[in-house]
Amino acid sequence: MSETALPEENVIVLDFGAQYGQLIARRVRDLGVFSSIVACDAPAEEIAAMKPSALILSGGPASVYAEDAPSVDPKVFELGVPVLGFCYGQQIMATTLGGEVGHTEKGEYGAAPLSRRGESRLLTGTPEEQTVWMSHRDAVSRVPEGFVVTSVTDTCPVASMECAEKMLFATQFHPEVRHTEHGSDMLKNFLFDICGLSATWSMENLVDSMVASICKTVGDDRVILALSGGVDSSVVGALLSRAIGKQLTCVFINHGLLRKNEPEEVERVFTEQFDVDFVHVHAEERYAELLDGVVEPEQKRRIIGTQFWKEFFTVAQKTGGVKYLAQGTIYPDIIESGARKTGGKASTIKSHHNLIPFPEGVHFDLIEPLDHFFKDEIRALGTALGLPDRIVHRQPFPGPGLAIRIIGAVSPEKLEILKNADAIVREELDAYNARLFEETGERNSEHSCWQYFAVLPDIKSVGVMGDERTYARPVILRAVESSDAMTADWAKLPYDVLARVSGRIVAEVPGVNRVAYDITSKPPATIEWE
């Protein structure tokens, strides 16, 4: 999201490669204050230009004394805004301002009993004895001049410190993690009592600033939108449609790897819903040739991503005058791809088709208005934009489509099997979620599914159908509960629902004689199989 779209009150998280970096921003937003994430080594002048209301220094895996340890511009502590550091953030604050960090004999990992010491603006209203979440071995051994120690644990002599006069606060523990009993109270103290912010931010009041930002960025130029029909690109389409109207061309690349009847549905919905130019590119045969015999999942993703850009370049040449490419890139995409715009050093989990570099000779300026947001936030934004529920709550679907839900090489036979099996999974679990919604009035109730689909492994198994031996394919059912795609737990579906899904797939999908259920959470698994 461009800087011009930032709300007036904006808490910037400086990311030191933390496991919980993105979670900090989420917790701040959950409290009604907008938060964005920036590289830890961003110059103070650049940070100042974003007009932050406050800074939060994230944790991180490194030692402050390591040769390649992440650092911070010392001038960020002179910007005149409150600063709060967590874990590594406390340590880098201490060493930068003249304190010391030592390597403790015993690390702290997980829940730890905390004891308060004296007065503390950050810990006001929290118990004298409480449980916090620790994940460290190094710890501050001497606080900088002007700081006082406000809490300790049996292992950590400086569990929190602060210099109220300079509005500098820090904790060795993680207030953003739910396991810290009163972490939310500490964040409230910082945001509202110390920083004087107001809990007025929401998706609804963000729409106008985002639309204004898009208008300012695009001007009179033309934009091509990478439209998949999923919620992310749909929300981008709604924003761009509101901002620039007919300057937008929605390009739908049909690679033949979509779900059953989805291409027709996408075209129908978007030609009726949006007053924009719509181009349906039929690339099914080209993708089939490129993927023929390809087994390795990352190679599939890269083939699909490269061809994706070629298809766009062809449309752009025919359209003429296109300067911008708009995408529905969201924050979990960036994290999983190891391409974090925050500058963090995340390892690559899997490539996303919309994050692979342009092919040689192809260039567009990118518009990615959702790259700071998580899936549940994007759904809320879609609702605020007036998109219908059938779009806002559409099942998440990967850009490479069914190619990465078919383990091994993609073939017409496998595609047909998976499309039919997946249609049954979605039909039955759509109905299951609808029943829960009717009973509870909550779309995301305790037992509802967030994402569900079928996977086709590259094996066959023996079965018996009609008193005859079969040697056919199994189908794997994947159903998870999540809100932001960063973590997910397998859905505890009732046995009768599982039985109905299994019975229908085996009875109605030729070539399948077995159904298995994936009961692995994320982590250690990912939601998708490839």
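1. In this predicted model, helix α6 (residues 231–244) and helix α11 (residues 375–384) have axes that come within 10 Å of each other and cross at roughly 40°. An angle of that size falls between the limit for roughly parallel axes, under 35 degrees, and the band from 65 to 115 that counts as roughly perpendicular, and α6 and α11 are therefore oblique to each other. The handedness of the crossing of α6 and α11 is left-handed. On the α6 side the contact is formed by Val231, Asp232, Val235 and Leu239, which meet Lys375, Ile378, Arg379, Leu381 and Gly382 on the α11 side. Sorted by class, the residues in this contact of α6 with α11 comprise five nonpolar, one polar and three charged.

2. Helix α11 also packs against helix α5 (residues 203–218), where the two axes come within 9 Å and cross at roughly 75°. Since that angle lies in the range from 65 to 115 degrees, α5 and α11 are therefore described as roughly perpendicular to each other. The residues involved are Met203, Glu204, Val207 and Met210 from α5, together with Glu377, Ala380, Leu381 and Ala384 from α11. In terms of class, the contact of α5 with α11 contains six nonpolar and two charged residues, and no polar ones. Leu381 is listed in the contact of α11 with α5, and Leu381 is also listed in the contact of α11 with α6.

3. The aromatic pairs deserve a separate point, and the count for the model comes to five. One of them joins phenylalanine 16 and tyrosine 88 in a tilted arrangement, with 5.3 Å from centre to centre and 45° between the planes. This pair links distant parts of the chain, given that phenylalanine 16 sits in the loop between β1 (10–15) and α1 (21–30) while tyrosine 88 belongs to helix α3 (residues 88–96), 72 residues apart. Phenylalanine 16 and tyrosine 88 are both buried.

4. A further aromatic pair is made by tryptophan 490 and tyrosine 517, whose ring centres are 6.1 Å apart and whose planes stand at 80°, so the pair is edge-to-face. Tryptophan 490 is in strand β18 (residues 489–490) and tyrosine 517 is in strand β19 (residues 512–517), so this pair ties together parts that are 27 residues apart in sequence. Tryptophan 490 has a relative accessible area of 22% and is therefore partly exposed, because the buried class requires a value under 20%.

5. How exposed or buried is phenylalanine 190, and which residues does it touch? This residue lies in helix α4 (residues 183–194), and at 0% relative accessibility phenylalanine 190 counts as buried. When residues up to four places away in sequence are not counted, phenylalanine 190 touches Ala54, Leu55, Ile56, Pro82, Val83, Leu84, Leu122, Phe169 and Cys195. For leucine 122, which is 68 residues from phenylalanine 190 along the chain, the separation of the two C-alpha atoms is 6.0 Å.

6. Two points of backbone geometry concern peptide bonds, and a reader checking them may recall that most peptide bonds are trans. Lysine 522 and proline 523 are joined by a cis peptide bond with omega of about -15°, and proline 523 and proline 524 are likewise joined by a cis peptide bond, with omega of about 15°.

7. Lysine 51, in the loop between α2 (44–49) and β3 (54–57), has phi near 50°, and at 67% relative accessibility lysine 51 counts as exposed. Cysteine 87, found in the loop between β4 (83–86) and α3, has a positive phi of about 55° although it is not a glycine. At 4% relative accessibility, cysteine 87 counts as buried.

8. Finally, some overall figures provide context for the local details. The protein has 14 helices and 19 strands, and buried residues make up 58% of its 530 residues. Among contacts in the protein with a separation of 6 or more, 75% are accounted for by residues 24 or more positions apart.

Notes
Residues are numbered from 1 along each chain as its sequence is written. This is a predicted model: local features need pLDDT of at least 70, side-chain atom pairs count only at pLDDT 80 or more; totals for chains, interfaces and linings use all residues. Side-chain values use heavy atoms; hydrogens and water are left out. Axes are lines fitted to C-alpha atoms, for helices over the stretch in contact, and angles run from 0 to 180 degrees between N-to-C directions. Helices (H or I, at least four residues) and strands (E, at least two) are DSSP runs, numbered from the N terminus. Angles under 35 degrees count as roughly parallel, over 145 as roughly antiparallel, 65 to 115 as roughly perpendicular and the rest as oblique. A crossing is left-handed if the near helix is turned anticlockwise from the far one by less than a right angle, and right-handed if clockwise. Contact means heavy atoms within 4.5 Å. Ala, Val, Leu, Ile, Met, Phe, Trp, Tyr, Cys and Pro count as nonpolar, Asp, Glu, Lys and Arg as charged, and the others, Gly among them, as polar. Rings of Phe, Tyr and Trp (its six-membered ring) pair if their centres lie within 6.5 Å; planes under 30 degrees apart count as stacked, over 60 as edge-to-face and the rest as tilted. Buried means under 20% relative accessible area, exposed over 50%, partly exposed in between (1.4 Å probe, protein chains only).
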